[in-house]
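Visitor: Please show me the model and take me through its architecture, one point at a time.

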Amino acid sequence: MRVAVVGAGALGIFISAMLAKAGRVFDVIDRNHENVAALRAQGARVIGSLSLEQKVNAMLPAEAVGPYDLIFLLTKQTSNQQTFALLKRILAPAGVVCTLQNGLPESALAEALGKARVMGGVVAYGCRRLGPGLAQLTGSLKVVREGGLSMGEINGQISPRLRAAADFLSAAGAVRLLDNLAGLRWSKLSMNASMGALSGICAATFGQVLENPKAMATLACLGHECVVIAKALGVGLASIQGFNFNGFQFAEPSQLEEKINLYRALWAGSLPATKISILHDLEAGRPSEAPYINGAVVSASQAAGLAAPFNEKALHLLEGPAKGLPGFILLEEFNPLLRARGL
């Protein structure tokens, strides 16, 4: 079985290092020339909660020669057009792509490659790219070891190929197999659409968001919308890190503090100084994944016949006024929505 990791950002570097340490045979494909050069010269390097340096077989897309039977996809959705062209060229006719991207990526990937050639997964631990070939594990090593990865088929089957892919990937952390990929996706989406959005809008670290009462009230409302929309679409939310995401919905203002405490517990394993990838993109002047995260929530709300005013506002701010610089002042934009909820 020929295997490739496509995308060597923070998670791609970490996962590649872990796979290589376990003796897995695979290729790393990334379009950043400087990154590929560093991976070739120094290997995939990890610091933080884990220190690791492993040789990997890295190459540029033009150098990749298929067919690959299994591809783990770790690029950002902002590069989907280029990535899909690569996948069409190198994926074996009976091969499968396991997308570990943020948002709800399976539908676009299935449209490009065919539904039968796609499965999905979620990474529960956090990483930050510090430079070419270098990543920092920002979450707890315990999460990696005890269930930082979850995978599933679009049709919900626990298939032989899903088991094979999970076995290969298990070197990068314990893998949980699910028959509810949509529920897993929506649970992770609620995390990215809430903490990810607030980190980007406020130009703040996880710790700064968690310490700001208004930010946390807004975060709770963003997550609440995700839960309500998922339920309206008939999606049963899956647990992540032992947290039942149905519990993040709240009907009464009096429940807000309880939900804020739940979110603080959820993010307790992340380093307080961590910045979300959306903020890194904004600070670097790159397009962020907000349209594929908060934008996905807004699109789904329309399909469900519901409103998602907090996610609509977050998307507007992340695509316009928020450039990774303003700080908590932009939280004032949410004041009318908070008042409407009695908060």
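**Pocket, sheet and helix packing**

Guide: In this predicted model, α7 contributes the most to the lining of the second largest pocket, namely four residues.

Visitor: What is the volume of the second largest pocket?

Guide: The lining comprises L104, E106, S107, A110, I154, L181, A182, R185, W186, L233 and V235. By class, these residues divide into eight nonpolar, one polar and two charged. The volume of the second largest pocket is about 230 Å³.

Visitor: Which elements give two or more residues to the lining of the second largest pocket?

Guide: Among the lining residues are E106, S107 and A110, as well as L181, A182, R185 and W186. The elements that give two or more residues are α4 (106-113) and α7.

Visitor: Which strands stand at the edges of the open sheet?

Guide: Eight strands form this open sheet with mixed pairing, in the order β5-β2-β1-β6-β7-β8-β11-β12. A strand at either end has a single partner, so one of its sides is left without a neighbour in the sheet. The edge strands are β5 (57-59) and β12 (175-177).

Visitor: By how many degrees are neighbouring strands of this sheet turned against each other on average?

Guide: The value ignores strand direction, and the sheet concerned is the open one of eight strands.

Visitor: Which residue in β11 is the bridge partner of M119?

Guide: Strand β8 (residues 118-123) and strand β11 (residues 149-153) run antiparallel and are joined by five bridges. The partner of M119 in β11 is E153.

Visitor: At about what angle does helix α7 run to β8?

Guide: Helix α7 covers residues 181-202. The helix lies across β7 (91-99), β8, β11 and β12. Its angle to β8 is about 40°.

Visitor: Are α9 and α10 roughly parallel or roughly perpendicular to each other?

Guide: Helix α9 (residues 213-232) packs with helix α10 (residues 256-266) at about 85°, their axes being 10 Å apart. Angles from 65 to 115 degrees count as roughly perpendicular. The two helices are therefore roughly perpendicular.

Visitor: Which residues of α10 make the contact with α9?

Guide: The residues of this contact divide into seven nonpolar, two polar and one charged. From α9 come M216, A217, L219, A220, G223 and H224. From α10 come L256, I260, Y263 and R264.

Visitor: How far apart are the axes of α9 and helix α13?

Guide: The contact involves T218, C221, L222, E225 and C226 of α9, together with P309, F310, N311 and A314 of α13. Six of the contact residues are nonpolar, two polar and one charged. The helices pack at an angle of about 115°, and their axes are 8 Å apart.

Visitor: Which residues does R163 touch, not counting residues up to four places away in sequence?

Guide: R163 lies in helix α6 (residues 160-169). From Q77, R163 is 86 residues away in sequence and 26 Å away in space, C-alpha to C-alpha. With residues up to four places away left out, R163 touches I158 and L177.

Visitor: Which residues does a cis peptide bond join?

Guide: Most peptide bonds are trans. Here omega is about 0°, and P67 lies in the loop between β5 and β6 (68-73). The cis bond joins G66 and P67.

Visitor: What value is phi of A203 near?

Guide: Most residues other than glycine have a negative phi. A203, in the loop between α7 and α8 (206-211), has a positive value. Its phi is near 50°.

How values were computed:
Residues numbered from 1 in each chain as written. Predicted model: local features only at pLDDT ≥ 70, side-chain atom pairs only at ≥ 80, totals over all residues. Heavy atoms only, no water. Axes fitted to C-alpha atoms, helices over the stretch in contact; angles between N-to-C directions. Parallel < 35°, antiparallel > 145°, perpendicular 65-115°, else oblique. Contact = heavy atoms within 4.5 Å. Nonpolar A, V, L, I, M, F, W, Y, C, P; charged D, E, K, R; others polar. Pairing = 2+ DSSP bridges. 1 Å grid on protein atoms, 1.4 Å probe; cavity = no way out; pocket = protein on both sides within 12 Å on 5 of 7 lines; lining within 4 Å. Points joined across faces, edges and corners; volume = space filled by probe spheres on them.
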